[in-house]
Amino acid sequence: MSSTPSKIEMSIPFFRATIGQEEMDGVMETLASGWLTSGPKVKAFEKEFAEAVGAKHAIAVNSATAALHLALESLNIGPGDEVLVPTMTFAATAEVVIHLGATPVLVDCDPGTLNVSLSDLAAKRTAKTKVVMPVHYAGQPCQMQEIADFADQHGLHVVEDAAHAFPAAYRGQAIGSLSLATCFSFYANKTMTTGEGGMLTTNDDATADRARKMSLHGLSRGAWNRFTAKGSWYYEIEAPGYKYNLPDVAAAIGLGQLHQAENFLQERRRCAARYISAFADSKLIDTLEQSPDVDSAWHLLVIKLNLPALSIDRSEFIVKLNEAGIGTSVHYTPLHLHPLYRERFGYKPEDMPIASGVFEQIVSLPIFPSMTDEQLEYVIDNVLAIAAEHQR
Ligand SMILES: *Cc1c(COP(=O)(O)O)cnc(C)c1O
């Protein structure tokens, strides 16, 4: 491990989805059935997903972004309202707030877990705050009891961005049943995928009804449920809704993925445990702190570079990993550093010092179910060797 292993011995993608026979068969069966849009596969997928997370309702949609939008819409969020959003997240979490005419108020992160900072949450709340949107960063659940207490104390709703967090648990309870609404992503590189897709889960009947209606043009079929004589062609437009429904072809993939979720999780745990033990003694490479009362979904494996001890920066570190054939990513450039938030909302880097600082240090390494032990060792050897070679 004293010298960098020879270049391009291997090529390891940042992520590779595992697609099984059930997904392939399900897609073929759906295509052959003639029913391509939302239908029986979506119904089955919603039912099984709701059971998997212990929620009363699950509404399948075509992205987590759609689920987040519907969750906030169901709460009537609009102009004059503020929504607390972690800065350490993907574009979607805050953009849906803007789409509704409300204001995303960005919140700094905890330096250990990179989940939302509870003290900064409290500091950013105002009389206009209506919703808190925790993001379970990298798959590690946030401190949900503290967030629920904070929300209750100030009459706020909690909408969870669980795009990284299936399956995950907080104090033994599955993410998806803890708050008013929880939003999951089945984007191509998430812990389970439908290509594109998402799910909104809730235990609240009114939230479920509104989200379901708004996910398909604001149409109500209540009328023909009550007056069957009108027939199945009848519907009423009750609100200007969206076009967010998931097609059956995607749901067929989702069912197969869901049946492998436990196996996928075991494999990601295997990878995470190996990375963590490999870097445990390193003074140059840190991994994220793990809270003792959560079970992470291990969507991302994020390392933090000890920059003062290194002669190269994060970007150069990534170039060296790429030269060794290793795919990486950065999650995330904090929202407050992006032009939209700097220019429209006036954020400066020093407004969120923890996220601004840690952003310079983070690299996301490959972690996916089919990653072999040999691939894992190759990544680990290269990370340690690059760090050792560029130690100050
Ligand atoms: C992927 C992701 C989303 C968006 O998911 P889509 O299904 O692509 O809309 C939202 N939030 C976070 C934190 C994500 O990682």
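**Sheet architecture and domain interface of the predicted model**

Seven strands form an open sheet with mixed pairing, in the order β1-β9-β8-β5-β4-β2-β3. Strands here are DSSP runs of E of at least two residues, helices are runs of H or I of at least four, and both are numbered from the N terminus; two strands are taken to pair if DSSP finds at least two bridges between them. At the edges lie β1 (57–61) and β3 (103–107), each of which pairs on one side only. Neighbouring strands of this sheet are turned by 25° against each other on average, direction ignored. The structure is a predicted model, in which local features need pLDDT of at least 70 and side-chain atom pairs count only at pLDDT 80 or more, whereas totals for chains, interfaces and linings use all residues. Residues are numbered from 1 along each chain as its sequence is written, and side-chain values use heavy atoms, with hydrogens and water left out.

Strand β2 (residues 82–86) runs parallel to β3 and is joined to it by five bridges. Pro86 has Val107 of β3 as its bridge partner. Helix α3 (residues 64–74) packs on the sheet, where it touches β1, β4 (129–132), β5 (157–161), β8 and β9; contact means heavy atoms within 4.5 Å. The direction of α3 makes about 165° with that of β8. Helix α2 (residues 40–53) lies across β1, β8 (181–185) and β9 (198–202), and runs at about 130° to β1. Axes are lines fitted to C-alpha atoms, for helices over the stretch in contact, and angles run from 0 to 180 degrees between N-to-C directions.

The domain assignment, which is automatic or from a database, gives domain 1 (21–259) and domain 2 (261–389). Their centres, taken over C-alpha atoms, are separated by 26 Å. In the interface, 43 residues of domain 1 are in contact with 34 residues of domain 2. The buried area is about 3,200 Å², and carbon and sulfur atoms give 61% of it; this is the accessible area (1.4 Å probe) that two parts lose on being put together, summed over both.

One salt bridge is counted between the two domains, a salt bridge being a side-chain nitrogen of Lys or Arg within 4 Å of a carboxyl oxygen of Asp or Glu. The side chains of Arg171 and Asp293 form a salt bridge at 3.0 Å, N to O. On the side of domain 1 that touches domain 2, the elements giving two or more residues are β2, α4 (91–99), β3, α5 (118–124), β6 (169–170) and α9 (248–259). The largest share of that side, five residues, comes from β3.
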